Amino acid sequence: MNQRIYVVVAGMMAFGSLLFLLTRVGGKGGLEPNENYTPPGAAKPVRIRPEDDGRSSLRRRVSTRSEIGELRDELERTKSELASLSTPLNENDVLSSAVNAVVGQGESLVTGGYQLSDGRYELTFITPKAVGLEGGESGLGKDIMLEIKSMVVNDAFVETSGLDTLATNARNTLQHAEAWSGDDVFNTFKSASEAEGVDMGSSPTVTTRPNEPFIVEMLDGEGRGFSLRGEADFMPDGSFAVKARAERRE
């Protein structure tokens, strides 16, 4: 069926107050306590993929943007929002991946990896960029443009492209994501264009103000398809704080 693409940038959404309490990305969609927590004011560790497979400089596990004081203040207020954003609302046909992470300039946040009904896996690539640059020491822009790409891959491509840390049989995941360099994203899509059994979806972009929610939908006439909602903000060092939830309804 024909797909419709809607891009909505709203002024207020309950999703804007979401802060995840667990920050380490688990392999296969699981979460582990953040044993690497660094107190406010201390230098934050850089989390890199533990496998020394030659891709360490291109892909890394994502870290989150949260302070313990903020979590204490907002914990009670965000319980209901967290429940609604991290569960499929009892709809068995919904696959989802929710993530709250920091992405460097030139990097892409890669999430999803849930398995579709045909046995393949869907990945979502979110690349934030500053637009309307004002200059100055920070070099931050007034707005944030998000380039969104999706890819559906088979087992063979998962194996040859090193996607085993993202492909999962979990239907709904939290903090299941990686940050990839621009070169790694380019090379992966180039390989995908030449591979059998791999599909690449539409590539919409959305421009939003910092901390203002956005929604991207690519749905058919019956409401089936892909959607992504979330928000993004600038970090002082020029990186981006991204909160997002990708959903697939089959």
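Of the 250 residues of the protein chain, 46% count as buried, where buried means under 20% relative accessible area, exposed over 50%, and partly exposed in between (1.4 Å probe, protein chains only). The model is a predicted one, in which local features need pLDDT of at least 70 and side-chain atom pairs count only at pLDDT 80 or more, whereas totals for chains, interfaces and linings use all residues. Residues are numbered from 1 along each chain as its sequence is written, and side-chain values use heavy atoms, with hydrogens and water left out.

The mean pLDDT (the predictor's confidence in each residue, from 0 to 100) of the protein chain is 74, and 60% of the residues reach 70 or more. Over residues 1-56, pLDDT stays under 50. For this segment the model has 142 contacts beyond four places in sequence, a contact being heavy atoms within 4.5 Å.

Three helices and 15 strands make up the secondary structure assigned to the protein chain; helices (H or I, at least four residues) and strands (E, at least two) are DSSP runs, numbered from the N terminus. Among contacts between residues at least 6 apart in sequence, 68% join residues at least 24 apart. The accessible surface of the protein chain comes to about 12100 Å², with 50% of it belonging to carbon and sulfur atoms; accessible areas come from the Shrake-Rupley method with a 1.4 Å probe, and for residues only the protein chains shown count as cover.

In soluble globular proteins, nonpolar side chains tend to be buried together. A nonpolar core is defined here as a set of buried Ala, Val, Leu, Ile, Met, Phe, Trp, Tyr and Cys residues joined through side-chain atoms within 4.5 Å. The largest such core has 25 residues, and those with the most contacts inside it are Leu109, Leu146, Leu228 and Val242. At least two residues of this core are supplied by each of strands S5 (94-103), S6 (107-115), S8 (141-153), S13 (214-219), S14 (225-234) and S15 (240-249). When neighbours within four places in sequence are left aside, Leu146 is in contact with Ile126, Thr127, Pro128, Pro204, Thr205, Val206, Thr208, Phe214 and Ala232. A second, separate core of 16 residues includes Val110, Leu123, Val153 and Ala167.

Strand S15 also contains Ala241, which is buried at a relative accessible area of 7%. Ala241 and Asn211 are 30 residues apart in sequence, and their C-alpha atoms are 9.2 Å apart in space.

Ten salt bridges are present in the structure, each being a side-chain nitrogen of Lys or Arg within 4 Å of a carboxyl oxygen of Asp or Glu. One of them joins the side chains of Lys129 and Glu147 (3.1 Å, N to O). Lys129 lies in strand S7 (residues 121-133) and Glu147 in strand S8, so this pair ties together parts that are 18 residues apart in sequence. Both partners are assigned an accessibility class: Lys129 is partly exposed at 36% relative accessibility, and Glu147 is partly exposed at 23%.

A salt bridge is also formed by the side chains of Asp220 and Arg224 (3.5 Å, N to O). Here Asp220 is buried at 11% relative accessibility, while Arg224 is partly exposed at 34%. Glu247 forms a salt bridge with Arg249, with the closest N and O atoms 3.5 Å apart. Glu247 counts as buried at 10% relative accessibility and Arg249 as partly exposed at 25%. Salt bridges that share partners join Asp118, Arg120 and Asp199 into one network.

The structure holds three aromatic pairs. Rings of Phe, Tyr and Trp (its six-membered ring) pair if their centres lie within 6.5 Å; planes under 30 degrees apart count as stacked, over 60 as edge-to-face and the rest as tilted. Phe125 and Phe189 form an edge-to-face pair, at 4.9 Å centre to centre and 65° between the planes. Phe125 lies in strand S7 and Phe189 in helix H3 (residues 182-193), so the pair ties together parts that are 64 residues apart in sequence. Both Phe125 and Phe189 are buried. The rings of Phe234 and Phe240 have their centres 5.7 Å apart and their planes at 40°, so this pair is tilted. Phe234 is buried at a relative accessible area of 10%, and Phe240 is buried at 2%. Ring pairs also link Phe125, Trp180 and Phe189 into a cluster.
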